[in-house]
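Here is a walk through the fold, meant to be read with the model open beside you.

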Amino acid sequence: MFDKILIANRGEIACRVIKTARKMGIKTVAIYSDADKQALHVKMADEAVHIGPPPANQSYIVIDKVMDAVRQSGAQAVHPGYGFLSENSKFAEALAAEGVAFVGPPVGAIEKMGDKITSKKIAQEAGVSTVPGYMGLIEDSEDAVKISNQVGYPVMIKASAGGGGKGMRIAWNDEEAREGFQSSKNEAANSFGDDRIFIEKFVTQPRHIEIQVLCDSHGNGIYLGERECSIQRRNQKVVEEAPSPFLDEATRKAMGEQAVALAQAVDYASAGTVEFIVDGDKNFYFLEMNTRLQVEHPVTELITGVDLVEQMIRVAAGEKLTLTQDDVTLTGWAIENRLYAEDPYRGFLPSIGRLSRYRPPEEVAAGPLLENDKWQGDAPGGATAVRNDTGVFEGGEISMYYDPMIAKLCTWAPTRDEAIEAMRVALDSFEVEGIGHNLPFLSAVMDHPIFIKGDMTTAFIEEQYPDGFEGVVLPEADLRRIAGAAAAMHRVAEIRRTRVSGRMDNHERRVGQDWIVTLQDSEFTVHIDADHDGSTLRFADGTTMRVASDWTPGDQLAVLDVEGSPLVLKAGKIPGGFRIRSRGADMKVHVRTPRQAELAKLMPEKLPPDTSKLLLCPMPGLIVKIDVEVGQEVQEGQALCTVEAMKMENILRAEKKCVVSKINAAAGESLAVDDVIIEFE
């Protein structure tokens, strides 16, 4: 076994690999750019080597620099994580030339299956059903338009060396094919150092289901069930679960056996993933094979009890698999939510800055326990597990140079419904401040009827949120619970305020019992009778509610018991009440005396400023190009400019017909959020 491993990656996946290596007694080496000098993976590793400037194409994906770090550290093996150099055969060859083990598949397998064009050809030759498309190289945007018409719209334009949603576009017409080809080519070059593009038919209403395979160099191969990855945005997975709520055992077995056969056809040895598109009749089509560890691997680990990183290391060291297919058992249900530094209220555009507050929910290792790759007895009924794979910390910076993922929050439970409920509580308990993030959206998905039923497709987000995410309007029952909790919390805060002010005699100054609570255009009249164990609330309609909590004014997380059920609220103080965030809703909750409520209705509403004639920069980023000029008349939907942030290009379009009066930015300039790019007449 190896004594020292270098992790050729950053962020949460580097931290993830370090944890398993530490468990195995293996020392670890981190690499870092200027931007990552204080990063968590650097602090966790036994040693670290600096490799260059912040941009990945000047540091993390420069093979020579990574190889220099390998030589300096004396590492015997390199784990590439995912992305960056994880599917780069030249990197694997460079390691082999140095006598350093690559914790991944052989070079031949990477070349055959890691390249999406080559892998599709091999799959076709092996008799695997594949999605129609053009596998040859595409010269330019006009060639892309011609091929797209031959394949038939809609088409998927994809980077051959791509992954993680980078270098991917859906085109429904010639104009989108032309634009999508160039953007995909640019993103592919910046992210992977390989700008080759291919085009395939975009299958509408599909489910994205993938099979986890594990093979050794001795001819053994197994599959560890599937992962449902259908909830995606811009081809980037957002929510994953294992197993899939859609598959039956026969389909699972057929997909698994086909995945293993495909892997063994190229002498695959390591962990890998075979991705399929599955239609409503459970017909499945090979999409691609990822010759690396997947982002969403934790859900497979939670339902199988197999540490995939450990298995990868053991296979790389030449060991045989100790597991057979008969040993693989799927126990319970696991769900993963990807927490991104993306603002859902701004069209999910990237957000950067300092994490002024970062408090994940407490990790709980109940239910399935990982030890020696086997289950330690049956999971107790009702038990749940919480796992958070992360690479950031409170006070750290979210950089514009890398993927916007902050963490992967996972829950496990014996049943899917229990895993979903555990995830709801975990999301409500996750405190993140200082940047925009998608926690509200993730909470909304967990409560969405289509997700709860398990009927989602890859079109879920665009179909259910066609106009973007604008927050959640909670049902009346939830609003009533929050109103009651807020009233009880406000009473506690009022008692604290009177004590601090010193306005007390021998008895606690009496705090009012009658309150008017307003939230999300709803109003509740509440009478509170408090005792040592909590408060009994009576509403205007005569219904009562019992609320108990040890919340202290100033705490930003309130965990309450409402009528015997838990309620977790993120609570910030505002004049006359709280900013409450719960179950995807972000709302101002005002708690007033009846007289204060009467006067508040007389206050004029403050209107937001008019920005209808301005194009504002929606995120910190770099202007790639300006597509219009002063005096030009533009039409609704026309491209105005392209902004690059976190390795993704974002085309900003006109919302209506207008005339350009002034352009305040040029290609190559870096802008902050809400900087004015273009003004209109």
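Thr-251 is buried, with a relative accessible area of 11%; buried here means under 20% relative accessible area, exposed means over 50%, and partly exposed is in between, using a 1.4 Å probe and protein chains only. You'll find Thr-251 in helix H9. Helices (H or I, at least four residues) and strands (E, at least two) are DSSP runs, numbered from the N terminus. Leaving aside residues up to four places away in sequence, Thr-251 touches Lys-282 and Phe-284, where contact means heavy atoms within 4.5 Å. Lys-282 in turn lies over the face of Phe-246, at 4.4 Å from the ring centre. For a charge to sit over a ring, NZ of Lys or CZ of Arg has to be within 6 Å of the ring centre and within 35 degrees of the ring normal.

Before going further, keep in mind that this is a predicted model, in which local features need pLDDT of at least 70 and side-chain atom pairs count only at pLDDT 80 or more, while totals for chains, interfaces and linings use all residues. Residues are numbered from 1 along each chain as its sequence is written, and side-chain values use heavy atoms, with hydrogens and water left out.

So what does helix H9 lie across? Helix H9 (residues 249-265) lies across strands E10 (207-215), E11 (221-233), E13 (270-278) and E14, running at about 110° to E11. Axes are lines fitted to C-alpha atoms, for helices over the stretch in contact, and angles run from 0 to 180 degrees between N-to-C directions. Helix H13 (residues 439-447) also packs on the sheet, touching E11, E12 (236-242) and E15 (333-340), and its direction makes about 150° with that of E15. H13 is mostly covered, with eight of its nine residues buried; among them are Leu-439, Phe-441 and Met-446.

Now the sheet itself. It is open and has nine strands, in the order E14-E13-E10-E11-E12-E15-E23-E21-E20, with antiparallel pairing; two strands pair if DSSP finds at least two bridges between them. E14 (284-290) and E20 (364-365) stand at the edges with a single partner strand each, so one side of each is left without a neighbour in the sheet. Six bridges join E21 (residues 385-390) to E23 (residues 405-413), and these two run antiparallel. Asp-389 stands opposite Lys-408 in E23.

Next, the aromatics. The structure holds 15 aromatic pairs. Rings of Phe, Tyr and Trp (its six-membered ring) pair if their centres lie within 6.5 Å; planes under 30 degrees apart count as stacked, over 60 as edge-to-face and the rest as tilted. One of the pairs is Tyr-60 with Tyr-402, which is edge-to-face at 5.7 Å centre to centre and 80° between the planes. This pair links distant parts of the chain, 342 residues apart: Tyr-60 is in the loop between E3 (47-52) and H3 (63-73), and Tyr-402 is in the loop between E22 (397-398) and E23. Tyr-60 is buried at 0% relative accessible area, and Tyr-402 counts as buried at 2%.

Trp-551 and Phe-578 have ring centres 5.9 Å apart and planes at 80°, so this pair is edge-to-face as well. Trp-551 lies in the loop between E28 (544-549) and E29 (557-562) and Phe-578 in E31 (residues 577-582), so the pair ties together parts that are 27 residues apart in sequence. Trp-551 counts as buried at 10% relative accessibility, and Phe-578 does at 2%. The ring of Phe-578 also has the charged end of Lys-573 sitting over it, 5.7 Å from its centre.

Four bridges join E34 (residues 621-626) to E36, running antiparallel, and Lys-625 stands opposite Thr-642 in E36. Another six bridges join E36 to E37 (residues 648-653), also antiparallel; here Ala-639 has Arg-653 in E37 as its bridge partner.

Finally, zoom out. The protein chain has 17 helices and 40 strands, and 56% of its 681 residues count as buried.
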